[in-house]
Each structure stands twice: as structure tokens, then as C-alpha cells.
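Subject: Structure for you to look at

Hello,

The structure I promised is below. Please open it next to this message, and the notes on what was found follow.

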Amino acid sequence: MKKHRTEKDKPSDLRRRAEERLKHEKKGAESPLPAFEHQKALHEPQVCQNEELRRVSEAIEEGYRKYADLYDFAPVGYFTLDDRSAIREANLAGSRLLGLERSKLIGRHFRQFVLAESLPVFDAFLKKAFTARERVFCEVAVQLKGRESFTVLVEGTLREAEDDRQAVCRIVLVDITERTKTEKSLVESEYRHKELFENMSSCVAIYEAVAEGDDFLFKDFNRSAEKAERLQRGDIVGKSVLAVFPGVREMGLFDVFRRVWRTGKSEYYPAYFYKDDRIEGWKENYVYKLPSGEIVAIYDDVTERKRKEEQRALSLRVMDILNSASDRRDLVCDILMLIKSWTGIEAVGIRLRDGDDYPYYKVNGFPDRFVEAENYLCARDEQGEIIRDSLGKTCLECMCGSVLAGRTDPSRPFFTEKGSFWTNDSTKLLASTTESDRQVRTRNRCNSEGYESVALIPLRSGGETIGLLQFNDRRPNRFDLEFIEFFEGIGSSIGIATARRKSLEALRESEGKFRTAFDNANVGMCLVDLNGDFIQVNNKLCAILGRAREELEGRAIDDVTHPDDSAITTKFIREALAGKSESAVFEKHYIHKDGRIITGQVSISLLRDRAGNPLYFISHVQDITERTTIQEKLRASEELFRLLIENTHDIIYMLNAEGAFTFVSNSWTALLGHPTGQVVGKSFREFVHSDDIAGCQAFLEKVIKTGQRQSGIEYRVRHTDGSWRWHSSSGVPVRDGAGGVVGYEGIARDVTEKKQAEEALRSSLAEKTALLQEVHHRVKNNLQIVASLANLQRQYITDAKAIDALSDMRDRIYSMALIHENIYREANFAAVAMDTYIANRVKELLRDFMRPNQKISLTTSLDPVMLSIDKAIPCGLIISEVITNALKHAFAERSEGALHVEMKQKSDGMCDLSVTDDGAGIPESIDIHNTETFGFRLIELLVRQLHGAFEVEGRKGTALRIRFPM
């Protein structure tokens, strides 16, 4: 049995003892060991050495195997290159990265795989790797056959030469294509946000809270803020807001910063006057917190707006004073006090014209000695009398006189276009100008009194200067051009109670509060975490869903999503986190708080941090419920319109502005025989009768020119069988997107049968008209024959009563004949124009019955009344009977008289007829309703035939009044 080695028999100890023996023998000493023991001592070290070598070899092999596994299965590519980029070694990851087997890579140059644009970078990298003797890096694009190029990160380390071996470079390749794309997108996104930040018209400051919100340090400052605050970004970044703006705490904005930082709720801080040793002005702030914990203040300098508001308030107050004060002195005093208080100017005064001079009417703040010395402006002699020129005009001295007299030169910087004078440094002005420059000899009392800021503004009424408004202050730089121009307007409005101006220039409404892009976007927006819960929502999304911000933030999207669509967002989130798609656009349905279903168009994208880790989703939601409903209604309407077009018997067609068909319905083919394909594109002139083309063209042009619906045109259209069909059309204009008329849309109806019926009716009517004319002509002739026979018979009768009876009969027959003659002449068989008939008949009766020396005046008042023949004949007989009786009896023994005939058409459908005379009247012994006189009996019968009523007055003259329905 082999003896087990003990701890003291390990190879190193055995080798040490053997070496000691060998040293002893080399010294020539006699071996104290026997020969066997001596050989054993020499053999043991050799055995132990071999055993140790074997163990070391096994360890080396095990290490190499582990190294090979690590080398080959590493997730990155390893390559060994010589100084000419030839590949000496490559691992499996590198082989897969370059798309070739390892055996085919060995010996090839790595440069073959590098895109041409990246070769200079790679060559410089390789050269540095062999010369710099340090780890080097570069990024290059790799191009493989049949594949899109990709970007790799290359890390190289030199391996020094050993023995006769050549030095090589060990490189590591990492595919960073996706990282590069992400970084590029992130850089572009950051660039866009930076550009938005820098180019906002509003001032933006970003702060970082320190000491648990006890202070806030500047992190960033945009260009608008630099310009507004007259500061450079580099001078304030890292500094405390209290150091840069020491008045922010007193202003109250610092407390807003604290609340927003602690609560995360945005706050609007209304306009507040800020002032410190460096700047002052009105600021309007909107403060909100970023997800990073920083707070952002977006603010505008609204000093100008506040100044305008204050100016407007002052103007309104001045107008109130002008419109309410009755005493002129009190009015001016109130205005001066108001202006002095508002401007803070040391002294103000108003001069008003008084005769030839302009003394102070009211002052506030001027010393008495100054007012006394400067009260009058006219130049005076030693006796105190006003100096006048040859024309009797006075000379107004000093700058006040120049403004009042209009001696101003707007090319000078101290005069304005409207004739005002102003300076912020009277000492400098007097030293740098001459009296010629200043347009007048100046007394210089303002400067002597220490007033450096002086402004003189004329007060005008109807183009005439009636005074001036004066501002004096010992402090320099109290005015600017805007101040002067504003008070020029005030001066025009004042007019010192003699010419009030009741309107001032309207100031623009101040701009609304600044709205952040997120909260005030016109589409719904939200930030969603990786679990699908709302992080933040904007006002529009709250409005779309009908919920408050608190009802949404922190809740899952699925809580407000219709159950049928809940999987849409969940699926996208899952795919985005899996790297399949990081943005999408889709439609889904939400549930409004009131239960309504809202259709939303959703655009959602995943945002990542610099390392590529998902942060959250940003989503845009647009309410398209109404649009979807309209589209559904439009589709239904289009379907209904299509059915109407296909099933209507009328032709529906469209023409362009040149008259070419752009559409015809199938009814065209059914009615006219032409296939629609042979009609579209052709002009309507090819189908319309030549006699009707001009009318159709004018109708089309009228529709296009007026842009209004037209109707009622009739024209003939050719049928394929050669016949002509009558059509009646109406049309409406067709407009383009800009509202311009570009064509015509019409509906045509076949009216051929109606036209034929009308033609037949016209022919029949013409025949009947001719027949009726002939009938009336013959009736008239026959009546005239009867009247002539009666007249002839009268010549053979000697009895006076018989003669009168025949004469009356003749006149009555003639009255009826005249009715038929009018009908025959006017060709109107429905009615008779009674005004014409009565006028002619009365004249004939006067001619026939009035004696030679008798003067009977006739007046008429006749409405254009039309009566049917059934009413015209009895009405005509009544007129003849009454006029005849009047001429025979009323004026029998009188040489003159008056006769009046009146016929009126009433609004109630009745007709009033009256005949009055101033003759002898009816004897009291005659009762007209019981008389046996044939005339009255006839009148009564005729009135009854008219279904009317009559009355007679006959004591002073005679008046017959008849009322009957028309």
C-alpha cells in the first residue's frame, strides 16, 4: 500500500530536503546515506516536481477554459488586430456582430467593415492605440452586406510585443445603435424645449429649493427675463432669489414659491408692484412645480399695462370731474389736485387766457414768489404797460409764451409734434441752446428756482390754444415722451370747462393671464405612469371628461375608459415597455361624468430618461365626438341624398361656370334617352333648343353673379328620338371652400304635357274670347237698334207722356248698350271699369239734357272700381236714372247748378255710390219709399238686384247714397 503523504511530505518540503542533500554531495562530502537511500533522495524531488507541474498545468488549462468561455460568450465583441487592422482573433459575439464565421474573419482587415465616412475616425483610433499606450475609444458606423449600417463603440488597448511576437491591439465592440437613436431623439427633444424656453415672450425663471424650501437658487433664466431684468444668466445662476430680488419676500411671491414647492399645486400671482434698489415695476406671475422638484416662475412685466390702466383711470376721473363740476374754478382745482397726486410731480399749474395774457388760473406746489413773478407773459415796458407791435399784437415771453403762441419747432428734441415743450435737465438745455433754438427770449426763472424737469402742454379747444398745463420738478429725469403725449391727450380732453371732450382713446384690454402650454392647450393632455394611472391632467382633459383634476390624478385610465376599449391603452403600454412601439395614435371611448360616451382621438408616446429607462407616457386627447356624430349623419345624409337622386323623376344636374355638365342623375336617361356618360363634360348648349340657349345662358350667369337661388326658366331639350321636350328648372349656386361661386346646381322637371295643355287652353281661350266679343258686339248693336227704333217711334207720337216714356226707355237701353260696348272694346269679360264708364256716361247725359243757356257744373270722385257685368248693368242704369231725373227736374227752372258723382271702394268689400245736386230737391209731399213714380221704383228694384241699400235726402237739393257689396 502506498503511504499517504502527510502535511510535512508535500512537494515543496520534499524538494527542499532533496536540494539540501544534493548540495551536500556537490561539496564532496561523503554521503552518510546508503546507495538505496541516496537514489531515493534523488528520485523523490523529481516525482514531486512532476506532480506539481501536472497540477499547475491542470490549473492553467482550467483557467484557459474559463477564459475561453468568458471570451467567446461575452455579450460584446472581442477582436485582436495588428497595426494594419488585420484580425488575429475574434470571439463568438464579434463574429455574430460582423455577420461572418470566426474562421472567415481571421486574416481579414477590420477596416473592410467600417463605413467610408467613419474610416478616418477608425484609422486615427488604431494609430493612437499603437502609439499612445493607453486605453482609447471611438464611435464608428459599421456597414455589412445586405444590412443597414449600425453604430458601435470601440475600446482599444495595446498588447506589448513579447519575444519575437508582434504588438497587437485588443478591441472591444459594443452595438450602441439604439442608444444613439435614443440620445439623438432626447437631444432633439431637449433642443426643442430649450428653444421654446429661450424664445418665449414671457420671462421664465427656474429655481431649485434648498434648506427644505427656506431659499431658492436660480437654475436657469431665459432671454426674455435677461432683457426684462437687465441681467445676464451667468451672473445669477446659483444665486439666491432673495439676493437677486430682495423685494420678493415683501412682495409675497416668496411665500408662493414655498407653497408650490411643498404642495405641487400651481398658483397664479396677480399683478403686484415690485421695487428694490435696482428695479421697480409691476409683475404678474404663474408658478408651478416640475416633476424634477424644481419650480418654474413664468412672469410678465405688466408695468406698461398697469401704467396704461392708471392713465385710463386718471382720464376717466378727469372726465368725471369735467362732467360733474359746475364751478369752473373748483373744476380746475380738482383736476390739478388729481394730476399732482397721480404723477407725484412737485408743482403743477394751469394758465388760462384772460384778455391778451395768460395768467395762472390755478397752481399747486409753486412758491408764491414764483407765481407772482411769472404770472403774466406779455412783454411790458418800464411803466408796466403791455408792449404791442404795429399791428397791435402782443408778444408772449418765455417758453410758456412760445407754446401758447405756437412758436415750436418739432425738429428740436425738446418740442413735440403737438406743440408741447419738455426737458429733464433745464440747466443743460440753457447751456447747450440759444434763444433762436428755443424760439423766444427766456426769463430762466424756472431754472433759477431749481426746477430741472419742466413740461408745458397746450390746452386747445376747436383748434385754438386757450391755455397750458405746466409741470415743474426740481428732480431731473421726471418725464418721458410717453408721459408728455399722455398729458397732451389729457389737455385736449380738459378744454377748461368750455370745450369738453367726452371721449378718450380706448386702451386695449390687458392681455389675459399667461397660460402654460400644458394647462391651456386646446386639446386634452395628460401624463400617465407606467402602470396606466394619471399623473397630471390639464384643464381641457378635465373639461372633456367632465371631472375635476382631483377626480383624475392618481386614478387609472381604465376608470374613465369605456369597458369595450379598456384593452387598447393596456396593450399599448405593454408593447411600449417591451420595446415594440413607443408611440401610437388610436381612437377610444371615454365615459363622461354625466354618463355620456365621449369619442377621443388619442396620441400617446413613451418618454425615457438619458439612460433609456422608461419614465412615463404623455398623451394628447382630442374630443371628436361631435365630429364622429357629424360624419355618421353625413354618411346617412349622403345615402339619403343618393336614394333621392336615384328615385326622383326630376333631373338633378350640375354645371360649372362655363356651362359644362359635371353631373346628371339617371333620370336624364329615363326622360331624354341620352346615357349619362355621354352628357357629363359637355356643354348644355349641345342639348338645348337654339332659340332657348340665350335665355339659359343668362339664367346661369344670373345665378353665378348674384349667388342666389333662381327659378322659373323654361326651355326645350332634345330627346334622342329627335323630339323636343319642355323642361322647367330652378338652380342654386355651388360654392368653393372660400365661398366663391364656381358653378350651378339645378333641378329640371319635364313640363311638356303642361305646355301642350297650356297651348290647347290658349287656343280654346282665344276662340272663346273671339266668340264673347262677337256676342257683346251683337248685343250692343241690337240694343242700339232697339234704342234707335224707340227714338224713331217717338217722332210719330204726339202724346207728351208717351214721348217721355219712349225717351226714358231709349236712354236706359243705351246705358246697357254702353256696358257691352266697354266690354267689347276692353276685351275684359270678367269686369267693367266703372270709373271710366260713369265719367263717360255722365258727360253724355249732360250733353243730351242740358239746355243751351244752362250751366251745370260736374265734379266726380271715382275710385278705379271693377264690377262684374251682373253688377255693372244695374249700377249703370241707376246712374243714368238719377242723373236724368236731376237734369229734368232738379234744374228745370234754374240756369245753373252743381252735380257731384262719387264712387268709393271700401276696405270691408263694400262699394259706396252717391249722386248729389243742389237743385230744387224733392217736395215734402212725396214719400220716396211709397211713391208710384216709375223712376224711384226702378231705382229700388235695381238696388235690390245689387243686394244693397239706399237712402235719399231731398230737402235742400237731392242726395242719393247707395251701398252694395262688390
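Apart from its neighbours within four places in sequence, P410 touches F415, T416 and E417, where contact means heavy atoms within 4.5 Å. P410 sits in the loop between helix 15 (398-405) and strand 13 (421-423). Helices (H or I, at least four residues) and strands (E, at least two) are DSSP runs, numbered from the N terminus. At a relative accessibility of 39%, P410 counts as partly exposed; buried means under 20% relative accessible area, exposed over 50%, and partly exposed in between (1.4 Å probe, protein chains only). From the C-alpha atom of P410 to that of F421, eleven residues apart along the chain, the separation is 9.5 Å.

This is a predicted model, in which local features need pLDDT of at least 70 and side-chain atom pairs count only at pLDDT 80 or more, while totals for chains, interfaces and linings use all residues. Residues are numbered from 1 along each chain as its sequence is written, and side-chain values use heavy atoms, with hydrogens and water left out.

The chain has an average pLDDT of 79, and 79% of the residues score at least 70; pLDDT is the predictor's confidence in each residue, from 0 to 100. Over residues 1-9 the pLDDT stays under 50, and the model has seven contacts beyond four places in sequence for them. For residues 496-514 the pLDDT is also below 50, and this stretch has 42 contacts beyond near neighbours in sequence. Where pLDDT is low, the predicted coordinates should not be read in detail.

Next, T177. This residue lies in helix 6 (residues 177-199) and is buried, with a relative accessible area of 14%. The side chains of T177 and D175 are joined by a polar contact of 2.7 Å. A polar contact is a pair of N or O atoms within 3.5 Å; within protein, one must be able to donate a hydrogen and the other to accept it, and residues adjacent in sequence count only if both atoms are side-chain atoms. A polar atom of the T177 side chain also lies 3.0 Å from the backbone nitrogen of T151. Beyond four places in sequence, T177 is in contact with F150 and T151.

Last, a helix pair. The axes of helix 27 (residues 834-849) and helix 28 (residues 869-890) come within 10 Å and cross at roughly 30°. Axes are lines fitted to C-alpha atoms, for helices over the stretch in contact, and angles run from 0 to 180 degrees between N-to-C directions.

Regards
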